[in-house]
Amino acid sequence: MIDAADQVLPPFGEKLGRTTEADLRKLGIEVELGTLVTDVDETGLEVQDRAGERRRIEAVTKIWACRCRGLPTGPPTGRAKWRDPGSGPGASA
């Protein structure tokens, strides 16, 4: 797993990031943090670390994922509005 971030799952906090990284390593997954993917082609990818060192990783199969944020669950104030699904227009009594 290659990630430009300093830890795994940064939005979820340091503790969960460390635990998840350890779990990935136990599964045999190599974790490279602080590393950018700079190029991808049919036989591999080029990466660059924070020191600017570039290298190639040969890999025919690649899986790409990105961090995504969920949709907001409430108004910008952070206070979600709850409505009973059995009330309001179209509700049966």
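This report describes the fold, sheet and surface of a predicted model.

## Overall fold

The protein chain contains one helix and five strands. Along the sequence, these elements follow the pattern β-α-β-β-β-β.

Of the 93 residues in the protein chain, 14% are buried. When contacts between residues at least 6 apart in sequence are considered, 32% of them join residues at least 24 apart.

## The sheet

An open sheet is formed by three strands, arranged in the order β3-β4-β5 with antiparallel pairing. Its edge strands are β3 (35-41) and β5 (54-58), each of which pairs on one side only. On average, and with direction ignored, neighbouring strands of this sheet are turned by 25 degrees against each other.

Five bridges link β4 (residues 44-49) to β5 in the antiparallel sense. At the residue level, Val47 has Arg55 in β5 as its bridge partner.

## Surface

The protein chain has an accessible surface of about 7900 Å². Carbon and sulfur atoms account for 56% of this surface.

Met1, Leu27 and Ile29 make a nonpolar surface patch of about 280 Å². Ile29 is located in the loop that lies between α1 (14-26) and β2 (32-33). The relative accessible area of Ile29 is 33%, so this residue is classed as partly exposed. Membership of a patch requires over 30% relative accessible area, and Ile29 has 33%.

Key
Residues numbered from 1 in each chain as written. Predicted model: local features only at pLDDT ≥ 70, side-chain atom pairs only at ≥ 80, totals over all residues. Heavy atoms only, no water. Patch = residues over 30% accessible without salt bridge, like charges linked within 9 Å, V, L, I, M, F, W, Y side chains within 5 Å. Areas by Shrake-Rupley, 256 points an atom, 1.4 Å probe, with all protein chains shown as cover. Salt bridge = Lys/Arg side-chain N within 4 Å of Asp/Glu carboxyl O. Helix = DSSP H or I, 4+ residues; strand = E, 2+ residues; numbered from the N terminus. Buried < 20%, exposed > 50% of the residue type's maximum accessible area, 1.4 Å probe, protein only. Pairing = 2+ DSSP bridges. Axes fitted to C-alpha atoms, helices over the stretch in contact; angles between N-to-C directions. Contact = heavy atoms within 4.5 Å.
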